[in-house]
Amino acid sequence: MSLTIICPGRDMSQWISALKDRAPQLKIEVWPDIADPAAVEFALVWKHPAGVLAGFPNLRCISSLGAGVDALLQDTGLPVGVSLVRIVDDELKQSMAEYVCLGALQHFRQFDEYRQQQADCTWQARPLRHIGTMRVGILGLGELGSHVGGKLAEMGFAVHGWSRSVKACEGITSYYGDEGLAAFLAVTDILVCLLPLTPVTRDILNSKLFRQLPNGAYLINVARGEHLVEEDLLAAIDAGHLSGALLDVFKSEPLPQEHPFWRHPRIKITPHIASITNPESAVLQILENYSRALSGQPLLNQVDSQRGY
Ligand code: NAP
Ligand code: GLV
């Protein structure tokens, strides 16, 4: 019996020590150094090579190392009938809330404009809106979106969210389904994308959607780069319809050196760090799922592979 880590190119030493601290008896192997593929029952994966998971005939559970499972589900060679789980974690929610609140506050308090004024040695107070008039719309009111929305609402922003099904989250007005999207966008000054990447949500941040936002709206994308049609964002900002964007995720990561986002004055970028799974807190649910998978009990944070999240 073993737990196999398949996270090529990633330093997994912190994960291995966190797992060993809590489960000293557990046999941990790191792909591709697997003694006996038939003994592998649980795989912890991030950006695994397509097809590799089919090489473990007794695999019972595949766990994503993060919240997203898009890279996992893009593997058309996933073994049939093996359960998929993902990370849902308070620390992941907390760091995502920090990032989005920072981005929303910087935009609301006009920090880009004041930084430019500083560069120009200009002392000029700008009019300040009341926070309750700044409307934040969150695409995706799941584990992360609902937590982030709650924190923004506590701060005083007017918060609403869009999801597939209706939600009852305190302080957040719910819009849902394709029929709810236009009304949601019409009242969104800051648009936050926290959707999972699925065939339905791919390229959702496009010029048609941007046109439905109020003039001057601002975009924060912390979900996946493939949600965004990059040239549509550039066109919407350059035309003055959108006021700018904060982007953490990109179609191509690392962002290529020649990419226009690096030098665009109204776009801020970060290198996919909005929220990173903390091994210390996440190993508890991984070990719980390992023992549940072995004993055939229902798993935590299961993914619906048909739905795509
Ligand atoms: P989640 O709990 O699965 O929530 C997904 C939400 O999106 C749900 O509210 C769902 O609606 C909604 N949704 C899905 N498809 C939709 C559609 N077609 N139309 C409308 N709403 C739709 O996911 P999560 O844990 O919050 O994570 C969200 C994403 O954040 C991850 O998939 C990942 O890509 C990204 N992420 C990024 C970072 C980073 O560092 N940048 C870190 C962690 C995660 P229902 O509830 O009605 O089903
Ligand atoms: C990070 O992007 C994650 O999905 O956890």
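Which residues in H8 are buried? This is a predicted model, and in its helix H8 the buried residues are Glu230, Asp232, Leu233, Leu234, Ala236 and Ile237.

**Helix H8 and the cores**

Helix H8 spans residues 230-238. Its buried residues pack against H7, E10, E11 and strand E12 (267-269). An α-helix has 3.6 residues a turn, so residues three or four places apart point the same way. Just after H8, Gly240 takes a positive phi of about 85 degrees.

The largest nonpolar core holds 28 residues. Leu205, Phe210 and Leu233 have the most contacts inside this core. Six named elements give two or more residues to it: helix H6 (177-186), strand E9 (190-193), helix H7 (207-211), strand E10 (217-221), helix H8 (230-238) and strand E11 (242-247). H8 supplies the largest share, 4 residues.

Leu205 has contacts along several stretches of the chain. Setting aside residues up to four places away in sequence, Leu205 touches Leu139, Leu191, Cys193, Phe210, Leu219, Asn221, His227, Leu228 and Val229.

Val136 sits in strand E6, residues 135-139. Its relative accessibility is 0%, so Val136 counts as buried. Beyond its neighbours within four places in sequence, Val136 is in contact with Leu152, Phe157, Ala158, Val159, His160, Ile190 and Val192. Leu185 is 49 residues from Val136 along the chain, and their C-alpha atoms are separated by 9.8 Å.

Ser63 belongs to strand E4, residues 61-64. Ser63 counts as buried because its relative accessibility is 2%. Its contacts, leaving aside neighbours within four places in sequence, are Phe42, Ala43, Leu44, Val45, Val85 and Ile286.

Thr201 lies in a loop, the one between E9 and H7. Is Thr201 buried or exposed? Thr201 is buried, because its relative accessible area is 9% and the cut-off for buried is under 20%. The side chain of Thr201 reaches the backbone nitrogen of Thr198 at 2.9 Å. Thr201 also touches Leu195, Pro196 and His227, not counting residues up to four places away in sequence. His227 is also listed among the contacts of Leu205.

**Ligand 1**

How many residues surround ligand 1? There are 30, and the closest are Arg86, Leu144, Ser165, Lys167 and Tyr309. By class, the shell has 14 nonpolar, 9 polar and 7 charged residues. Helix H5 (143-155) and strand E7 (158-163) each supply at least two shell residues. The largest share, 3 residues, comes from H5.

Side chains make polar contacts to ligand 1. Arg86 and Ser165 each place a polar side-chain atom by an oxygen atom of the ligand, at 2.8 Å for Arg86 and 2.5 Å for Ser165. Taken alone, ligand 1 exposes 950 Å², and the protein buries 93% of that.

**Ligand 2**

Ligand 2 is surrounded by Trp46, Gly66, Ala67, Gly68, Arg224 and His272. These shell residues divide into 2 nonpolar, 3 polar and 1 charged. Backbone atoms take part here. An N or O atom of the Ala67 backbone lies 2.7 Å from a ligand oxygen. The backbone of Gly68 has such an atom at 2.8 Å from a ligand oxygen. Arg224 contributes its side chain, with an N or O atom 2.8 Å from an oxygen atom of ligand 2. On its own, ligand 2 has 190 Å² of accessible area, and the protein covers 86% of it.

| Residue | Part of residue | Ligand atom | Distance |
|---|---|---|---|
| Arg86 | side chain | oxygen, ligand 1 | 2.8 Å |
| Ser165 | side chain | oxygen, ligand 1 | 2.5 Å |
| Ala67 | backbone | oxygen, ligand 2 | 2.7 Å |
| Gly68 | backbone | oxygen, ligand 2 | 2.8 Å |
| Arg224 | side chain | oxygen, ligand 2 | 2.8 Å |

Methods:
Residues are numbered from 1 along each chain as its sequence is written. Chains are lettered from A and ligands numbered from 1 in the order in which they are written. This is a predicted model: local features need pLDDT of at least 70, side-chain atom pairs count only at pLDDT 80 or more; totals for chains, interfaces and linings use all residues. Side-chain values use heavy atoms; hydrogens and water are left out. A nonpolar core is a set of buried Ala, Val, Leu, Ile, Met, Phe, Trp, Tyr and Cys residues joined through side-chain atoms within 4.5 Å. Buried means under 20% relative accessible area, exposed over 50%, partly exposed in between (1.4 Å probe, protein chains only). Contact means heavy atoms within 4.5 Å. A residue is near a molecule or strand if one of its heavy atoms lies within 4 Å of it. A polar contact is a pair of N or O atoms within 3.5 Å; within protein, one must be able to donate a hydrogen and the other to accept it, and residues adjacent in sequence count only if both atoms are side-chain atoms. Accessible areas come from the Shrake-Rupley method with a 1.4 Å probe; for residues, only the protein chains shown count as cover. Ala, Val, Leu, Ile, Met, Phe, Trp, Tyr, Cys and Pro count as nonpolar, Asp, Glu, Lys and Arg as charged, and the others, Gly among them, as polar.
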